[in-house]
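This briefing is meant to be read with the sequence and the three-dimensional view side by side. Please look over both before turning to the points that follow.

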Amino acid sequence: MPKRRRKLSPELEKNISLAKKQVELITAIIHDIDEEDIQEEYKTAFLPVMSTYMSLDQMYKDFGFNEDTTKLYQLYLSNLDKFKSEYEL
């Protein structure tokens with residue numbers, strides 16, 4: 001049985017690419033923190049954002065654009081907003 005083609009969304013692809021850059025930037029900023037305790041606190045707080053992004057990226061590659069990838073992107077944005085509101089970069 002042939003594999004189904006996944007539905008693509010240029011807009012979501014662009015948003016995922018921007019999310020990747022944002023995650024990389026924030027990760028680099030966190031790694032630049034000198035105090036180890038504070039750095040660990042930031043890493044722990046940023047983990048939900050990073051894991052949501054990674055899940056989104058993999059799900060989009062595997063299944064393409066669908067309701068689940070859209071919801072996962074909204075969850076990523078929500079987690080990112082929460083992190084930014086609670087932690088100063």
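Which pattern does the chain follow when it is read along the sequence? The pattern is α-α-α, and the chain accordingly has 3 helices and 0 strands. Please keep in mind that this is a predicted model, and that the values given here are computed from it.

**The chain as a whole**

- Along its principal axes, the C-alpha trace of the chain spans about 55 × 20 × 20 Å.
- The chain has 89 residues, of which 30% count as buried, and its accessible surface comes to about 6600 Å², with 52% of that surface belonging to carbon and sulfur atoms.
- If we consider the contacts between residues at least 6 apart in sequence, we find that 68% of them join residues at least 24 apart.

**Helix α2**

- Helix α2 covers residues 36-63, which makes 28 residues, and from its first C-alpha to its last it reaches 39 Å, close to the 40 Å expected at 1.5 Å a residue.
- Within α2 there is a kink of about 40° at Phe46, and this kink lies shortly before the proline Pro48.
- Several residues of α2 are buried, among them Tyr42, Phe46, Val49, Leu56 and Tyr60, and the buried residues of this helix pack against both α1 (10-31) and α3 (67-86).
- Just after α2 comes Gly64, which takes a positive phi of about 80°.

- Gln39 lies in helix α2, and it counts as buried because its relative accessibility is 12%, where the cut-off for buried is under 20%.
- Which residues does Gln39 touch, not counting those up to four places away in sequence? Gln39 touches Ile30, His31, Asp32 and Ile33.
- Ser17, by contrast, is found in helix α1, and because its relative accessibility is 36%, Ser17 counts as partly exposed.
- Although Ser17 and Asp57 are 40 residues apart along the chain, their C-alpha atoms are separated by 8.9 Å, and Asp57 is itself one of the buried residues of α2.

Definitions and conventions
Residues are numbered from 1 along each chain as its sequence is written. This is a predicted model: local features need pLDDT of at least 70, side-chain atom pairs count only at pLDDT 80 or more; totals for chains, interfaces and linings use all residues. Side-chain values use heavy atoms; hydrogens and water are left out. Helices (H or I, at least four residues) and strands (E, at least two) are DSSP runs, numbered from the N terminus. Buried means under 20% relative accessible area, exposed over 50%, partly exposed in between (1.4 Å probe, protein chains only). Contact means heavy atoms within 4.5 Å. Accessible areas come from the Shrake-Rupley method with a 1.4 Å probe; for residues, only the protein chains shown count as cover. The expected span of a helix is 1.5 Å times one less than its number of residues. The bend at a residue is the angle between axes fitted to the seven residues ending there and the seven starting there.
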